[in-house]
Amino acid sequence: MDKNKRLAELLGVCWHEIIKGKDCLDGFSGKRVCSCGKFGYTDEVKYQHCLINPDFTDVRLVLREMQKRDDFDMFTSQLNAYSFDEDGYLIDNAISIDYILDETGLLRDRAIEWLERRKI
Ligand SMILES: [Zn+2]
């Protein structure tokens, strides 16, 4: 399964994909129904909906969505890199630079693993 789709599911974020009429050839009319319930008779539905799906290889998007959860602190505490302020106090929610600079979906994959473990 698409990892972006999996994380969207785990987070309860809407994932758009044509569930009826996906066999309609480009350029031909036919009812196309998106998983969000909207539908149309042209390719527009396919492109308008499927192109707005979240790309969780963007670390900021993962953090933005995870931050909406009550257990966000628990998630970040497991990812934490130790970081100290100028007075030597531990800074909460310091996330490793490895995650911040990654563009391959490393944090997305960690979020999936973490959320799947939480559901058990
Ligand atoms: Zn949709």
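Let's start where the two domains meet: six residues of domain 1 are in contact with seven residues of domain 2. On the domain 1 side, the residues that touch domain 2 divide into four nonpolar, two charged and no polar. Please keep in mind that this is a predicted model. As for the bounds, the domain assignment gives 3–50 for domain 1 and 59–119 for domain 2. Taken over C-alpha atoms, the centres of domain 1 and domain 2 are 31 Å apart.

Now, what sits between the helices on either side of that boundary? Helix 2 covers residues 43–50, helix 3 covers 59–66, and Asp 58 lies in the loop between helix 2 and helix 3. Asp 58 and Leu 106 are 48 residues apart in sequence, yet 9.6 Å apart in space, C-alpha to C-alpha.

Three strands form an open sheet, in the order 1-2-3, with antiparallel pairing. As a reminder for anyone new to this, strands of a sheet pair through backbone hydrogen bonds, either parallel or antiparallel. Here the edge strands are strand 1, at 18–20, and strand 3, at 39–40, and each of them pairs on one side only. Strand 2, residues 32–34, is joined to strand 3 by two bridges. If you want a spot to look at, find Arg 32, which stands opposite Gly 40 in strand 3. Helix 2 packs on this sheet, touching strand 1, strand 2 and strand 3, and its direction makes about 15° with that of strand 2.

While we are here, look at Lys 20, which belongs to strand 1. Which residues does Lys 20 touch, not counting those up to four places away in sequence? They are Lys 31, Arg 32 and Val 33. Cys 34 is 14 residues from Lys 20 in sequence, and their C-alpha atoms are 7.1 Å apart. Lys 20 counts as partly exposed because it has 13 C-beta neighbours inside 10 Å.

Follow the chain on from strand 1 and you come to Asp 26, in the loop between strand 1 and strand 2. Why does Asp 26 count as exposed? Because it has 8 C-beta neighbours inside 10 Å, and the limit for exposed is 12 or fewer. From Asp 26 to Ile 97 there are 71 residues in sequence and 43 Å in space, C-alpha to C-alpha.

Next comes the core. The largest nonpolar core has six residues: Leu 7, Phe 56, Val 62, Leu 107, Ala 111 and Ile 112. Helix 6, residues 106–119, gives the most to this core, with three residues. One of the core residues is Leu 107. Leaving aside neighbours within four places in sequence, Leu 107 is in contact with Val 59, Val 62, Tyr 99 and Asp 102.

Last stop: Phe 84. Where is Phe 84? Phe 84 lies in the loop between helix 4, residues 72–79, and helix 5, residues 97–101. Phe 84 counts as exposed because it has 10 C-beta neighbours inside 10 Å. Setting aside residues up to four places away in sequence, Phe 84 touches Tyr 89, Leu 90 and Ile 91. Ser 96 is 12 residues from Phe 84 along the chain, and 13 Å separate their C-alpha atoms.

Conventions. Residues are numbered from 1 along each chain as its sequence is written. This is a predicted model: local features need pLDDT of at least 70, side-chain atom pairs count only at pLDDT 80 or more; totals for chains, interfaces and linings use all residues. A nonpolar core is a set of buried Ala, Val, Leu, Ile, Met, Phe, Trp, Tyr and Cys residues joined through C-beta atoms within 7 Å. A residue is buried if 20 or more other C-beta atoms lie within 10 Å of its own, exposed if 12 or fewer, and partly exposed in between; C-beta atoms are placed from the backbone. Helices (H or I, at least four residues) and strands (E, at least two) are DSSP runs, numbered from the N terminus. Domain bounds come from an automatic or database domain assignment. Ala, Val, Leu, Ile, Met, Phe, Trp, Tyr, Cys and Pro count as nonpolar, Asp, Glu, Lys and Arg as charged, and the others, Gly among them, as polar. Two strands pair if DSSP finds at least two bridges between them. Axes are lines fitted to C-alpha atoms, for helices over the stretch in contact, and angles run from 0 to 180 degrees between N-to-C directions.
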